[in-house]
Structure formats: structure tokens, C-alpha cells
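User: I'd like to learn how to read a few features of a structure with you. Could we go through them one at a time?

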Amino acid sequence: DESRDAAERAKVLQDLQSEYRQRLTKMKASMSALRLVDLVFESPILTVPRIQQALGVAYNSAKLAVGKLVDAEILRARDDETYGRAYVAQGVLDAVQ
């Protein structure tokens with residue numbers, strides 16, 4: 001049943017978001033990093049400039065937040081390029097597929 005699948009998927013995403021926030025809280029992450037967790041559930045593939053714009057923070061703050069989510073194994077770099085590198089929240093993508 002589609003409605004049950006949607007409800008189960010929503011619960012999985014909610015639990016995952018809570019887990020990610022707990023991970024970052026234990027790491028004493030910045031508010032920007034915690035806000036980035038919410039953003040990856042809206043858009044699981046992001047670049048630092050997109051994060052900078054969405055969070056309304058300086059480029060370096062966005063980059064530090066990304067680094068914290070990479071350390072927490074929430075985001076990973078999508079490729080080896082440094083310029084225009086995209087970051088992927090694979091756990092979020094897996095949860096919606």
C-alpha cells in the first residue's frame with residue numbers, strides 16, 4: 001500500500017535526521033552544521049556555495065560545516081575534484097529509494 005510505504009519512509013527519514021543531529025551534538029558541532037543536517041534532507045546533493053547561500057553564512061563557515069558532516073559520516077565528496085565539488089548524503093538517498 002502506497003500510503004503505508006510513504007509513512008514508513010517518512011519515519012525512517014525522521015529517525016535518520018534525529019540520529020544525525022545526535023551525532024553532531026556529541027561532536028559539539030556548530031549551529032551551521034546542525035542547520036546543514038536539515039538542509040541535506042531537502043537536498044541530499046549539495047555544493048559549498050549552495051550551502052553558503054541556503055544557510056546565509058560565509059563560505060568558510062559553510063565549508064567548516066561540510067567538514068563536520070563529512071567527519072560524522074553524513075556527507076561524502078561525490079568526486080575527486082576540488083573546484084565545484086558536490087557532497088552527497090548517501091544515507092538520505094538510500095532512505096528515499
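User: Is Lys-11 buried, partly exposed or exposed?

Analyst: Happy to start there, with one caution: this is a predicted model. Burial is read from relative accessible area, where values under 20% count as buried and values over 50% as exposed. Lys-11 has a relative accessible area of 46%, so this residue is partly exposed.

User: Which side chain does Lys-11 meet in a salt bridge?

Analyst: The general idea is that side chains of opposite charge can pair when their charged atoms come close. Here the partner of Lys-11 is Asp-15, with 2.8 Å from N to O. Both residues belong to helix α1, which covers residues 2-26, and they sit 4 residues apart, about one turn of the helix. Asp-15 is partly exposed as well, at a relative accessible area of 39%.

User: How many salt bridges does the structure hold?

Analyst: There are 3 salt bridges. Another of them joins the side chains of Arg-23 and Glu-19, at 2.4 Å from N to O. This pair also lies in helix α1, with 4 residues, about one turn of the helix, between the two positions. Arg-23 has 26% relative accessibility and is therefore partly exposed, and Glu-19, at 36%, is partly exposed too.

User: With which residue does Asp-38 form a salt bridge?

Analyst: Asp-38 pairs with Arg-21, and their closest N and O atoms are 3.0 Å apart. This bridge links distant parts of the chain, since Asp-38 is in helix α2 and Arg-21 in helix α1, 17 residues apart. For accessibility, Asp-38 comes out at 26%, partly exposed, while Arg-21 comes out at 30%, likewise partly exposed.

User: Let's turn to helix packing. At what angle do the axes of helix α2 and helix α4 cross?

Analyst: Two packed helices are described by the angle between their axes and the distance between the axes. For helix α2 (residues 31-42) and helix α4 (residues 59-71), the axes cross at roughly 70° and come within 9 Å. Angles from 65 to 115 degrees count as roughly perpendicular, so α2 is roughly perpendicular to α4.

User: Which residues make that contact between α2 and α4?

Analyst: On the α2 side they are Ser-32, Ala-33, Leu-36, Val-37 and Val-40, and on the α4 side Ala-65, Val-66, Lys-68 and Leu-69. Sorted by class, the contact has 7 nonpolar residues, 1 polar and 1 charged.

User: Is Ser-32 buried or exposed?

Analyst: Ser-32, found in helix α2, has 14% relative accessibility and so counts as buried. Setting aside residues up to four places away in sequence, Ser-32 touches Leu-55, Val-57 and Ala-65.

User: Now the sheet. What is the order of its strands?

Analyst: Strands of a sheet pair through backbone hydrogen bonds, either parallel or antiparallel. This open sheet has 3 strands in the order β1-β3-β2, with antiparallel pairing. The edge strands are β1 (45-47) and β2, each of which pairs on one side only. Between β2 and strand β3 (residues 86-88), the antiparallel pairing runs over 2 bridges, and Ala-77 stands opposite Tyr-87 in β3.

User: Where does helix α3 lie relative to the strands?

Analyst: Helix α3 (residues 48-55) lies across β1 and β3, and it runs at about 90° to β1.

User: Which residues is Tyr-87 in contact with?

Analyst: Leaving aside neighbours within four places in sequence, the contacts of Tyr-87 include Pro-44, Ile-45, Leu-46, Val-66, Val-70 and Ala-77. Tyr-87 has 11% relative accessibility and so counts as buried.

User: Last topic, the backbone. What is the phi of Lys-28?

Analyst: Phi of Lys-28 is about 55°, a positive value although this residue is not a glycine. Lys-28 is placed in the loop between α1 and α2, and at 72% relative accessibility it counts as exposed. Glu-73 also has a positive phi, near 60°, and is a residue other than glycine. Glu-73 lies in the loop between α4 and β2 (76-77), and it is exposed, with a relative accessible area of 68%.

Key:
Residues numbered from 1 in each chain as written. Predicted model: local features only at pLDDT ≥ 70, side-chain atom pairs only at ≥ 80, totals over all residues. Heavy atoms only, no water. Axes fitted to C-alpha atoms, helices over the stretch in contact; angles between N-to-C directions. Parallel < 35°, antiparallel > 145°, perpendicular 65-115°, else oblique. Contact = heavy atoms within 4.5 Å. Nonpolar A, V, L, I, M, F, W, Y, C, P; charged D, E, K, R; others polar. Salt bridge = Lys/Arg side-chain N within 4 Å of Asp/Glu carboxyl O. Buried < 20%, exposed > 50% of the residue type's maximum accessible area, 1.4 Å probe, protein only. Pairing = 2+ DSSP bridges.
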